[in-house]
Amino acid sequence: MSTVDINQCARQEFEVAQVRLDEYIAKASDTFHDDPVVLEALQLSQRDWLTYRESYCHAIYQLWRDGTIRGVMYQGCMLQLTRCFQADYFSPNLFRFSRQ
């Protein structure tokens with residue numbers, strides 16, 4: 001397996017996790033569509049988190065910048081943070097306390 005193949009595989013795995021995250025976000029938007037204050041707060045927090053994820057994973061990429069592993073380390077970071085966000089923060093807290 002080549003470096004290009006490994007990077008492509010890591011990218012595909014991240015894309016699957018991103019689709020799942022997008023589904024959570026859509027569910028939150030549907031759940032709180034009648035409460036613009038909550039909806040705006042969720043949208044702002046999502047934008048902030050995406051900025052954090054990109055910034056942090058860019059730092060990981062820079063840490064490995066001299067090696068061919070840099071791409072897969074970046075994709076792995078993106079995947080790990082996305083999965084952690086879904087599992088630890090977004091779904092359990094947001095929907096457990098929804099008012100529906």
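Helix α1 buries A10, F14, A17, Q18, L21, Y24, A28 and T31, where buried means under 20% relative accessible area, exposed over 50% and partly exposed in between (1.4 Å probe, protein chains only). Helices here are DSSP runs of H or I with at least four residues, numbered from the N terminus. Welcome to this predicted model, in which local features need pLDDT of at least 70, side-chain atom pairs count only at pLDDT 80 or more, and totals for chains, interfaces and linings use all residues. Residues are numbered from 1 along each chain as its sequence is written, and side-chain values use heavy atoms, with hydrogens and water left out.

**Helix α1**
- Helix α1 covers residues 3–31, which is 29 residues.
- An α-helix has 3.6 residues a turn, so residues three or four places apart point the same way.

**The nonpolar core**
- The largest nonpolar core has twelve residues: F14, A17, L21, W49, C57, I60, Y74, C77, M78, L79, L81 and F85.
- A nonpolar core is a set of buried Ala, Val, Leu, Ile, Met, Phe, Trp, Tyr and Cys residues joined through side-chain atoms within 4.5 Å.
- Helices α1, α2 and α3 each give two or more residues to this core, and α3 gives the most, with six.

**Cysteines**
- There is one disulfide, taken as a pair of cysteine sulfur atoms within 2.5 Å.
- This disulfide joins C57 to C77, with an S to S distance of 2.1 Å.
- C57 sits in helix α2 (residues 36–63) and C77 in helix α3 (residues 70–96), so the bond ties together parts that are 20 residues apart in sequence.
- The torsion about the S-S bond of C57 and C77 is about -80 degrees, so the disulfide is left-handed.
- C57 and C77 are both buried.
- C84 is partly exposed, at 33% relative accessible area, and its sulfur is 9.9 Å from the closest cysteine sulfur, in C77, too far for a bond.
- C9 is also partly exposed, with a relative accessible area of 42%.

**A patch on the surface**
- L63, W64 and I69 form a nonpolar surface patch with about 290 Å² of accessible area together, by the Shrake-Rupley method with a 1.4 Å probe.
- L63 belongs to helix α2 and is exposed, with a relative accessible area of 61%.
- Patch residues have over 30% relative accessible area and no salt bridge, and nonpolar side chains (Val, Leu, Ile, Met, Phe, Trp, Tyr) are joined within 5 Å, like charges within 9 Å.
- A salt bridge is a side-chain nitrogen of Lys or Arg within 4 Å of a carboxyl oxygen of Asp or Glu.

Conventions. The expected span of a helix is 1.5 Å times one less than its number of residues.
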